[in-house]
Amino acid sequence: MYFHLLVLAFCGLRNLASGSTFSPARPPAIPLAVKSPYMNTWLEVGNDGGSGGVLPGYWPRFWAGPQPGPVAGSIGAVTGWTGFITVDGDSSTWMGAANVNGVVPPSVTQTSFEYTSTRSTFIMNVAGKVSMNITFLSPVAPNDIRRQSVTGSYLSVTVAAIDGGSHSVRLYVDTSAEWTSIHNSDTAQWSYSVDNEVASHKYWRQTQSEFNSDYPDDAAHWGYWYWSTAVTSSMTYQSGSDVSVRGNFLNNGVLPNTQDTDYRAISDNWPVFGFANALGNVGSSPVETLYTIVHAQQNAIYFDSANGDVGVPSLWTSYWNSDLAMVGFFYNDFSNMASLSAATDSQFAGNSIAAGGQDYLTITSLSARQAFAAVQLCGADAKPYIFLKEISSDGNIQTVDVLYPAMPIFLYSNPLLVKYLLDPLFENQEAGKFPQAYAMHDLGANYPRAIGHPSGDGEYMPLEECGNMIITTLAYAQRAQDTGYLSQHYNILKQWTGYLVQEALIPENQLSTDDFQGQLANQTNLALKGIIAIQAMSEIASRTGNGADATNYLNIAHDYIGKWQEMAVVTDANPPHTNLDYQDDSSHGLLYNLYADRLLGLNLVPQSIYDMQSAFYPTVAETYGVPLDTRNVFTKSDWQMWTAAIASLSTKTLFISLLAKWINETPTNRAFTDLYNTQTGDFANWSFIARPVVGGHFALLALNGAPIAANGK
């Protein structure tokens, strides 16, 4: 297989007490199979009860906690995944924490770990005899939506002798029924099949409820999981209780090729689905065994579309006529997917190094899989959609003020993806299904049910969402050179701009996207977003031949920005800075909404504001970052990178270095949180986990191709 070691060329290795090195960092959680809101399995790492970054001896876990219980919980729900290796008759554990009738095979020795944007690779030493390369690949192929549409992840295990000898090696891996539900009392069902030389254990929640129509949940109540490997003469399989299946391998080195048909609760004798491979005598030539795990849902989203409520199919159904056809293609496409992912790794790494150095690559490469795994490609090849889940902070679908901070990774990697995210929001609202003058907050309270808000309710963030929709739409159209998209949606964009003209300069008491901070009147940063969006609408009007509107909105925006400066800038502070709200000159905050002015090339805001803020931020920096505002010491990682992208070189470097430091030192042990305490590095009062907004960490890269001066100034 192709080993991508680009990161090693740029940075040293970090060695912790475990004896393993970590490159480019030891993250708070390691992505294993991270491909969708429902396939989101991690190795929890941090000091707060995690594994320390060691694969054997700990269970992989879903992003959400076991149910019933709090959404996040103190730890994620187990997605059972066990790996054993037997070398010359001696068995060891290389993944998971299996106990077989009181027998816990000793762990192999982990010598190193590396992550890239698409891969997590562990190197193991087995008794000084053989090495193992264990690579989890969750593909990121932004420009190949057919391949990207498959909710699947690869596990490649390569074994080679390291002592000059030849050793008898047997390999075992299983997954458990815990993948089907985070409620262990749910009943699972399963089967086994072979199709085109690919063997698959199929398992599912016995009571299927499409679109989670029975009750809201963070795990899917419908669809099928496929755990697959190649059919060979040396491969054996079994489904059954954990003790039986794992015991058969440990005692016999093979499995009996049998299926358990006693379908039962997940926690009732814990059903597992195992494969064993006799690799024979292994010398210095590497021997690779490949596995895939795929989640197949024919229909993915329930959507209140222009044509009413419809079930939206998973996009992969446009390309394959059955689950097994898709699973087989995915398995046999490994070499192509590995190459595409290596290209993604290389592109993201090279551009990140150029934009912000090694520390910036440490951040972006940990963010990529998480951002893409919060969205689902749906619809048809002729009309794709992307639906987004607001993971952990809420269960909303297509939350506009989550889509907006996540936008940079999609804009950078393939601007069409931004269109696919916007399309469902436009379609629902332009069909008259949201009876308000302002833009809606989300398409539904509970993913995957995009049923909208036909009564006009939903979280009230009118100024926030109007600005987000206008700015994001223009950003897409500029990068894709799609003026037709602006014309298509001109009327509703103008409607939202009218709202901003009335409300943006002096915002009423309301929430911004940082709703965890509470309502506040006269928010400086929120007002700036609205004013920039009015200027963006001037550019939209100009591009679509609406000259009178273009002039009108330009004049309003320029008038407002002058008045905004008078109210926002605390000139007698040392150093001067903008306030958090107009009425409180002792306050301050991250002026991250300034980023849109640069992203769109509007040149509305004077350079002096950029320079003033750049000089100010270092004076209020804490150990792990700059606080979001003066209400507490919490910060948001996405907004820090938005701010860094438009800061001076020294201030940009400061923001990046402090976030990279946080990655290495945080006691948190869950998927990359975007909200944390800048003094302790721990969670804030709320556990934000696995959210798509880490796509905002690509803010520096999204500026590539930004217009220098969209308005001709």
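This is a predicted model: local features need pLDDT of at least 70, side-chain atom pairs count only at pLDDT 80 or more; totals for chains, interfaces and linings use all residues.

## Cis peptide bonds

P24 lies in the loop that runs between β2 (21–23) and β3 (29–34), and the peptide bond joining S23 to P24 is cis, with omega at about 0°.

## Positive phi angles

D88, although not a glycine, has a positive phi of about 55°, and its place is in the loop between β6 (81–87) and β7 (90–95). With a relative accessible area of 36%, D88 is partly exposed.

A127, likewise not a glycine, has a positive phi of about 60° and belongs to the loop between β9 (119–126) and β10 (130–137). A127 counts as exposed, at 68% relative accessibility.

## A buried threonine

T236, in strand β16 (residues 235–241), has a relative accessible area of 13% and is therefore buried, since that value is under 20%. A polar atom of the T236 side chain lies 2.9 Å from the backbone nitrogen of L255, and the residues that T236 touches beyond four places in sequence include V254, L255, G274 and F275.

## Packing of α5 and α6

Helix α5 (residues 334–372) packs against helix α6 (residues 400–413) at an angle of about 110°, their axes being 11 Å apart, and the two are therefore roughly perpendicular. The crossing of α5 past α6 is left-handed.

On the α5 side, Q347, F348, N351, A368, A371 and F372 meet I409, F410, Y412 and S413 of α6; the residues of this contact comprise seven nonpolar, three polar and no charged.

Conventions:
Residues are numbered from 1 along each chain as its sequence is written. Side-chain values use heavy atoms; hydrogens and water are left out. Axes are lines fitted to C-alpha atoms, for helices over the stretch in contact, and angles run from 0 to 180 degrees between N-to-C directions. Helices (H or I, at least four residues) and strands (E, at least two) are DSSP runs, numbered from the N terminus. Angles under 35 degrees count as roughly parallel, over 145 as roughly antiparallel, 65 to 115 as roughly perpendicular and the rest as oblique. A crossing is left-handed if the near helix is turned anticlockwise from the far one by less than a right angle, and right-handed if clockwise. Contact means heavy atoms within 4.5 Å. Ala, Val, Leu, Ile, Met, Phe, Trp, Tyr, Cys and Pro count as nonpolar, Asp, Glu, Lys and Arg as charged, and the others, Gly among them, as polar. Buried means under 20% relative accessible area, exposed over 50%, partly exposed in between (1.4 Å probe, protein chains only). A polar contact is a pair of N or O atoms within 3.5 Å; within protein, one must be able to donate a hydrogen and the other to accept it, and residues adjacent in sequence count only if both atoms are side-chain atoms.
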